[in-house]
Amino acid sequence: ISVVIVAYMAQDVISDCIDSLLRQTIPKEKYEIIVVADDKGTYDAVEKYMPSSVPQIKVKHRAQRGNIPSARNVGIHLSRGEIIAFTDSDCVADDRWLEKLCEGFKHFPTVVGVGGPVKPFSLDPVSRALELLNMVSWSGGDMSFKKTLATSNAAYRKDVLTKIGGFDENASVGEDLDLYRRITQQGYQVL
């Protein structure tokens, strides 16, 4: 598994994200972490993890800032895993996050993508409003082949991502919805 994190001006939150990924319950040699940083501050914050070799952490500093879909595509290109998991720099993953994503692929071998709910860990008014509007979280528990996956909690088979051309780099927002649409239009299913 390759975990791709895109980051810009994330030096204050990226350590919490990486620390949560280092606590995953699957064996450390089974995954790598790839950070695509579009600013020097975030790159510097990630650099302290570089002596770590298990799991392997790679950081790509893009001197010229691009958009989120292009950064995700850079992460896909740098990845070695058969499965590419995506999260955001301001997310903290549950310790069993990668384990649960892998279980989805194992139990449903025909699916090409697996994801789950995204729940705000802050109780600030904006997070509450987004959760109420169902923009951040959906009621987990029920498995479905009809829900889109937010790229803050999603994993896809690399061969399918490559086949459909990755993320649309012309999208300024909604790249995860566009990816879902293009994948399902090809007859694939996500869980």
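1. Let's start with a cysteine. The sulfur of Cys 91 has its closest cysteine sulfur in Cys 17, 6.5 Å away, which is too far for a bond. Keep in mind as you read that this is a predicted model. Seen from the other end, Cys 17 also has Cys 91 as the closest cysteine sulfur, again at 6.5 Å and too far for a bond. Cys 91 counts as buried because its relative accessibility is 14%, and Cys 17 is buried too, with a relative accessible area of 1%. A search of the whole structure turns up zero disulfides.

2. Cys 17 takes us to helix 1, which spans residues 14–22. Which residues of this helix are buried? They are Ile 14, Ser 15, Cys 17, Ile 18, Ser 20 and Leu 21.

3. Have a look at Ile 14 next. Leaving out residues up to four places away in sequence, Ile 14 touches Ile 5, Ala 7, Val 35, Ala 45, Val 46 and Ser 89. Ile 14 also belongs to the largest nonpolar core, a set of 30 residues, where Ile 14, Val 35 and Leu 98 touch the most other members. Which elements give two or more residues to this core? Strand 1, helix 1, strand 2, helix 2, strand 3, strand 4 and helix 4 do. There is also a second, separate core of 20 residues, and among its members are Ile 84, Phe 86, Ala 154 and Ile 183.

4. The structure holds one aromatic pair. Its rings belong to Phe 86 and Phe 167, with centres 5.3 Å apart and planes at 90°, so the pair is edge-to-face. The two partners come from distant parts of the chain, 81 residues apart: Phe 86 is in strand 4 (residues 83–88), while Phe 167 is in the loop between helix 6 (158–163) and helix 7 (175–185).

5. Arg 72 is over the face of Phe 167, 5.8 Å from the ring centre. Over at Tyr 8, the charged end of Arg 65 sits over the ring, 3.7 Å from its centre.

6. On to the charged pairs: the count comes to 11 salt bridges. One of them joins the side chains of Asp 95 and Arg 23, at 3.5 Å from N to O. This pair links distant parts of the chain, 72 residues apart, with Asp 95 in the loop between strand 4 and helix 4 and Arg 23 in the loop between helix 1 and strand 2. Asp 95 counts as partly exposed at 35% relative accessibility, and Arg 23 is partly exposed with a relative accessible area of 44%.

7. Another salt bridge pairs Arg 80 with Glu 32, their closest N and O atoms being 3.7 Å apart. Arg 80 lies in the loop between helix 3 (68–78) and strand 4, and Glu 32 in strand 2, so the pair ties together parts that are 48 residues apart in sequence. Arg 80 counts as exposed at 60% relative accessibility, whereas Glu 32 is buried, with a relative accessible area of 2%.

8. Asp 38 and Arg 62 form a salt bridge as well, with the closest N and O atoms 2.7 Å apart. Asp 38 lies in the loop between strand 2 and helix 2, and Arg 62 in the loop between strand 3 and helix 3, so parts that are 24 residues apart in sequence are tied together. Asp 38 counts as buried at 8% relative accessibility, as does Arg 62 at 11%. Salt bridges that share partners also join Glu 32, Lys 58 and Arg 80 into one network.

9. Asp 90 counts as partly exposed because its relative accessibility is 46%. Asp 90 and Ser 15 are 75 residues apart in sequence, and their C-alpha atoms are 9.1 Å apart in space.

Note on methods:
Residues numbered from 1 in each chain as written. Predicted model: local features only at pLDDT ≥ 70, side-chain atom pairs only at ≥ 80, totals over all residues. Heavy atoms only, no water. Phe/Tyr/Trp six-rings, centres within 6.5 Å; stacked < 30°, edge-to-face > 60°. Helix = DSSP H or I, 4+ residues; strand = E, 2+ residues; numbered from the N terminus. Lys NZ or Arg CZ within 6 Å of the ring centre and 35° of its normal. Buried < 20%, exposed > 50% of the residue type's maximum accessible area, 1.4 Å probe, protein only. Core = buried A, V, L, I, M, F, W, Y, C linked by side-chain atoms within 4.5 Å. Contact = heavy atoms within 4.5 Å. Disulfide = S-S within 2.5 Å. Salt bridge = Lys/Arg side-chain N within 4 Å of Asp/Glu carboxyl O.
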